[in-house]
Amino acid sequence: MQRVDVLTQPERKVSMSGAALTKRDQIVDELRRMIVSGEMPRGSRLPQDELAKRFNSSITPVREALRALEADALVVAEPHRGVRVAGVDFERVQATYVLRRLAESFAMRRAAIRLSPHELLQAESLLARLKESTARRDVTAMRSLNRDFHFYFYQRCGLPGLVQEIEGLWRVFPWDLLLDAPEPADISDTEHELILDAVRRSDPEAAADAMGAHLARSFLALAGRITGTDNSDPFEIHGL
């Protein structure tokens, strides 16, 4: 396994609040990143001794990190077989999508009438950079800027606790399965433009609807990849 050097200087790692991260938190963050990016494939074994060497750590924070990831259903521990990266539980993916649809559309509805003209310009700049990364097919930049674009609005909804809940839902969503999705990434950029246009018009309902449609299209593409069949939208009554 290739060594990850990013965690060899823990004193430089801080949380979003500015507090220093523990070794356990650093390991959680890096393993989660590797799983959701597809760098660590589904089903991969996670021997604790190898992870301890990889992260220049003792076994204890590794064990604690794996327990945290197990609580997020990103890894599974099996008796006498150790820990491995979890496969995809489609029912959990469906539930996560429904919760995202509720929370993110609501946050978008609130944010649409709270952005200042300066903040709107910043959002437009973010989308322009995202479109540029799409044109280059720079997957790493696309993933990062996509998150930045979404959370730029969520963080301005006026409900910090809701933003934290959305962050939790993003952490467990199987982004790795969308990395090489066959549908053009330009579709997502067009949907982002519709979201931004609704904010320009200070139309909260249109912004929420545009976000909902964006999440639905993405989920249905993901569902097709997981199941190999067409799926109904579980957010709609007829899909239950």
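## Tyrosine 154 and its surroundings

In this predicted model, Y154 is in contact with E104, A107, V163, I166, W170 and M211, once its neighbours within four places in sequence are left aside.

## The largest nonpolar core

The largest nonpolar core holds 41 residues, and the members that touch the most other members are M108, F153, Y154, I166, L196 and V199. Several helices give two or more residues to this core, namely α4, α5 (117-136), α6 (139-154), α7 (160-172), α8 (185-200) and α9 (204-227). The largest share comes from α9, which supplies eight residues.

## How α6 meets α7

Two packed helices are described by the angle between their axes together with the distance between those axes. For α6 and α7, the axes come within 11 Å and cross at roughly 155 degrees. Because an angle over 145 degrees counts as roughly antiparallel, α6 is roughly antiparallel to α7. The crossing in which α6 passes α7 is right-handed.

On the α6 side, the contact is made by N146, R147, H150, F151 and Y154, while α7 contributes V163, I166, E167 and W170. When the residues of this contact between α6 and α7 are sorted by class, five are nonpolar, two are polar and two are charged.

## How α1 meets α3

The axes of helix α1 (residues 23-36) and helix α3 (residues 59-71) come within 8 Å, and they cross at roughly 50 degrees. That angle makes α1 oblique to α3, and the crossing of the two helices is right-handed.

In this pair, K23, R24, I27, V28, L31 and R32 of α1 meet P61, V62, E64, A65, L66, A68 and L69 of α3. The residues of the contact divide into nine nonpolar and four charged, with no polar ones.

S105 lies in helix α4, which covers residues 90-111. Is this serine buried or exposed? Its relative accessible area is 10%, and because buried means under 20%, S105 is buried. When residues up to four places away in sequence are not counted, S105 touches R100, A208, M211 and G212. One of these, M211, is also in contact with Y154.

Key. Residues numbered from 1 in each chain as written. Predicted model: local features only at pLDDT ≥ 70, side-chain atom pairs only at ≥ 80, totals over all residues. Heavy atoms only, no water. Helix = DSSP H or I, 4+ residues; strand = E, 2+ residues; numbered from the N terminus. Buried < 20%, exposed > 50% of the residue type's maximum accessible area, 1.4 Å probe, protein only. Contact = heavy atoms within 4.5 Å. Axes fitted to C-alpha atoms, helices over the stretch in contact; angles between N-to-C directions. Parallel < 35°, antiparallel > 145°, perpendicular 65-115°, else oblique. Left-handed = near helix turned anticlockwise from the far one by under 90°. Nonpolar A, V, L, I, M, F, W, Y, C, P; charged D, E, K, R; others polar. Core = buried A, V, L, I, M, F, W, Y, C linked by side-chain atoms within 4.5 Å.
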